[in-house]
Amino acid sequence: MKRMETQHWHHDKFGEKWKGPYYIHNVFDKGTYKLRSMEGKVLKNPYNGDHLKLYIEKPALEPIIIIS
């Protein structure tokens, strides 16, 4: 979910622009969604799909150690 409170601030230029990840709890008309946190708490307000971004979890990379 996009962090709307920092959208127009310049002092947080390199800060996080997204919150989450969240699960979609319910789908409403006109592209709005009710979200649920990873802990299972349903967020109070519905959010427009324009402010959401698909989250793809990247696998953890294991370092390769080469001893010669």
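**View 1. Strands E1 and E2 pair in the antiparallel sense.** In this predicted model, four bridges link E1 to strand E2, residues 32–36. Tyrosine 23 has arginine 36 of E2 as its bridge partner. Asparagine 26 is bridged to lysine 34 in E2. Valine 27 has tyrosine 33 of E2 as its partner. Strands of a sheet pair through backbone hydrogen bonds, in either a parallel or an antiparallel way.

**View 2. A hairpin connects E1 and E2.** Four residues lie between the two strands. Which residue of this hairpin takes a positive phi? Lysine 30 does, with a value near 60 degrees.

**View 3. E2 also pairs with E3.** Two bridges join these strands, and they run antiparallel. In one of the pairings, threonine 32 has asparagine 48 of E3 as its bridge partner.

**View 4. The three strands form an open sheet.** Their order is E1-E2-E3, with antiparallel pairing. Which strands sit at the edges? They are E1, residues 23–27, and E3, residues 47–48. Each of these edge strands pairs on one side only. In a regular strand, side chains alternate between the two faces of the sheet.

**View 5. Lysine 34 is a buried residue without a salt bridge.** This lysine is placed in strand E2. Where is the nearest side chain of opposite charge to lysine 34? It belongs to aspartate 29, 14 Å away. What lies 2.5 Å from a polar atom of the lysine 34 side chain? The backbone oxygen of lysine 44 does.

**View 6. Proline 21 lies in the segment before E1.** Is proline 21 buried or partly exposed? Proline 21 counts as partly exposed because its relative accessibility is 26%. Beyond its neighbours within four places in sequence, proline 21 is in contact with Met38 and Tyr55. The C-alpha atoms of proline 21 and tyrosine 55 are separated by 6.6 Å. Along the chain, these two residues are 34 residues apart.

**View 7. The whole chain has three strands and zero helices.** From the N terminus on, the elements run β-β-β. How much of the protein counts as buried? Of its 68 residues, 9% do. Among contacts between residues at least 6 apart in sequence, 16% join residues at least 24 apart.

How values were computed: Residues are numbered from 1 along each chain as its sequence is written. This is a predicted model: local features need pLDDT of at least 70, side-chain atom pairs count only at pLDDT 80 or more; totals for chains, interfaces and linings use all residues. Side-chain values use heavy atoms; hydrogens and water are left out. Two strands pair if DSSP finds at least two bridges between them. Buried means under 20% relative accessible area, exposed over 50%, partly exposed in between (1.4 Å probe, protein chains only). Contact means heavy atoms within 4.5 Å. Lys and Arg count as positive and Asp and Glu as negative; His and the chain ends are not counted. A salt bridge is a side-chain nitrogen of Lys or Arg within 4 Å of a carboxyl oxygen of Asp or Glu. A polar contact is a pair of N or O atoms within 3.5 Å; within protein, one must be able to donate a hydrogen and the other to accept it, and residues adjacent in sequence count only if both atoms are side-chain atoms.
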